[in-house]
Amino acid sequence: MSPAADRYASRADTLIFLGCVALAVAAMSAPDAWRDPIAQGLRQTVLAPFLALQQQTDLLSAARARYDAVVAQRDSAALAATFLPELRSENVRLRSLLGLGAHLGWGYVPAEVLHQPEPTNPLMFVVSAGRKDGVRPLSGVVSPEGLVGIVATVDRQTSVVMSWAHPEFRASAIAADGSVVGIVAPHGAAGPGVWLLELQGVPYRQQVADGTVILTSGLGGVFPRGIPIGTVVGLAGEATGWERTYLVRPAVHPAVLSHVMILTAGRADIRGAFQADSVAP
Amino acid sequence: MRKSDRYRYLIILAGLVVLEFTVRDRLGDKRIAPDFLLLALLIYTIRAQPGRSALAGFVVGLLRDALTPTSFGAGALAHTLVGYLSSWAKAVFFAENVFVNGCLFFAGTWFRNLAVALASGGLDRTQLGWELLVWSPLQSFTTAATGVLLLWLFGRALAMRPGGSEV
């Protein structure tokens, strides 16, 4: 040891150092039966507050991690909830379609609407059933609520449907009680009446009350009898002495459809297939 | 030494001990995270006499051994050696300088890891090589950097030997 070292490390320092080294070596060479109680005693006394502090820190960190996870789950749930009304609506519609299928029993092809008609252009749309499924031109297209339109053209795997809003659409109609017959056609291609149908050719002497349910009559052989078309909501006009025209609120709007059924068999009457409340009076 | 510096010195040492048990686990890999407890010991050795430093090292090492009972005694021996040699070398050779103190922190941490590894005898040759050439230098560096930062922030309170000059 250098003279300078003697100045700073006194004999007492050296003795303390040697004593500590001896104790450490003794601790290393002590049997486990002696070590464990010493270590346990230190953990339970001197180190106890520090270990408790460490535990609290770990808990705090874990709580923060859990909080972040909960916030992430809440955000995901909130995002999923924004789609809930749409999913619920689609679920109700699909259940209705299944119910209609059960009532029809045979002679129909379910199809998915591929090209969704836009609210501003609901005249024509494409569905996922075609010639290979048995679809033919002029087949009727229905939904659980009622008449949607008619098949205009057929490809091998898809078909183009002309909705009731198309200016060329016509359907032979009859009141649900059979009191009135006429022809249903779109009310107009522009303006506030574009989403309405009109019942034309009603004899002048016959009155049709508001709320009367209009069905297809089956005349002409295109549509079977009994498909709901809509509900009378008022008088559109009259040709003096000849006939009256009534406004009809359609049973279904093509823009909200996701699935439809195409009637493939030449059935004459399917009145029992539609629910009584499919067209609200 | 002013009375306020003495209190600040004790508060900083206590803060380092608290950091060891609260923050160190959050700093990533334990093999390279700064060793706040050893840093507190090394800072203490700057001011204390070698005998007291050896005793403090023994206590710190024994407490650390209580947390890792498989190598009980190895930490006590290593910290005793580090405490005594650091205080003795600081008094004999080193000037009061932040860079020199940083080197002391680096060497002290590396030597402590060497002593623990040899005393515990739990590492084979490859593991010992990795420990001494990779992990230990990294931990020594982070510990030294933390110590230099502390000296830079609280130099007057930390690095002043009784009767000596300021850093």
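How many helices and strands are there in chain A? Chain A contains 5 helices and 12 strands, where helices (H or I, at least four residues) and strands (E, at least two) are DSSP runs numbered from the N terminus. The structure is a predicted model, in which local features need pLDDT of at least 70, side-chain atom pairs count only at pLDDT 80 or more, and totals for chains, interfaces and linings use all residues. Residues are numbered from 1 along each chain as its sequence is written, while chains are lettered from A and ligands numbered from 1 in the order in which they are written.

The model scores ipTM 0.86 and pTM 0.55. The mean pLDDT (the predictor's confidence in each residue, from 0 to 100) is 82 for chain A, with 88% of the residues scoring at least 70. Within chain A, helix α1 (residues 3-8) has the lowest confidence, a mean of 48, and helix α2 (residues 11-29) the highest, at 92. The pLDDT is below 50 over residues 1-6 of chain A, a stretch with 5 contacts in the model beyond near neighbours in sequence; two residues are in contact if their C-beta atoms, placed from the backbone, lie within 7 Å. For chain B the average pLDDT is 85, and 89% of the residues score at least 70. Confidence in chain B is lowest in α1(B), at a mean of 86, and highest in α3(B), at 92. Residues 162-167 of chain B have a pLDDT below 50, and this stretch has 12 contacts beyond near neighbours in sequence.

Of the 281 residues of chain A, 30% count as buried, a residue being buried if 20 or more other C-beta atoms, placed from the backbone, lie within 10 Å of its own. Among contacts in chain A with a separation of 6 or more, 61% are between residues 24 or more positions apart. Chain B has 6 helices and 0 strands, in the pattern α-α-α-α-α-α along the sequence. Of its 167 residues, 45% count as buried.

The contact between the chains takes 28 residues from chain B and 28 residues from chain A. On the side of chain B that touches chain A, the elements giving two or more residues are α1 (3-22), α3 (50-67) and α4 (74-92) of chain B. The largest share of this side, 11 residues, comes from α3(B). By class, the residues on this side of chain B comprise 20 nonpolar, 6 polar and 2 charged; Ala, Val, Leu, Ile, Met, Phe, Trp, Tyr, Cys and Pro count as nonpolar, Asp, Glu, Lys and Arg as charged, and the others, Gly among them, as polar.

Two helix pairs within chain B were also examined. Helix α2 (residues 36-47) of chain B packs against α3(B) at an angle of about 170 degrees, with the axes 10 Å apart; axes are lines fitted to C-alpha atoms, for helices over the stretch in contact, and angles run from 0 to 180 degrees between N-to-C directions. α2(B) is therefore roughly antiparallel to α3(B), a term for angles over 145 degrees. Leu37(B), Leu41(B), Tyr44(B) and Thr45(B) of α2(B) make this contact with Ser53(B), Ala56(B), Gly57(B), Val60(B) and Arg64(B) of α3(B). The axes of α4(B) and helix α5 (residues 98-120) of chain B come within 8 Å and cross at roughly 150 degrees, so α4(B) is roughly antiparallel to α5(B). The residues of the contact of α4(B) with α5(B) comprise 10 nonpolar, 5 polar and 2 charged.

Terms used. Angles under 35 degrees count as roughly parallel, over 145 as roughly antiparallel, 65 to 115 as roughly perpendicular and the rest as oblique. A residue is buried if 20 or more other C-beta atoms lie within 10 Å of its own, exposed if 12 or fewer, and partly exposed in between; C-beta atoms are placed from the backbone.
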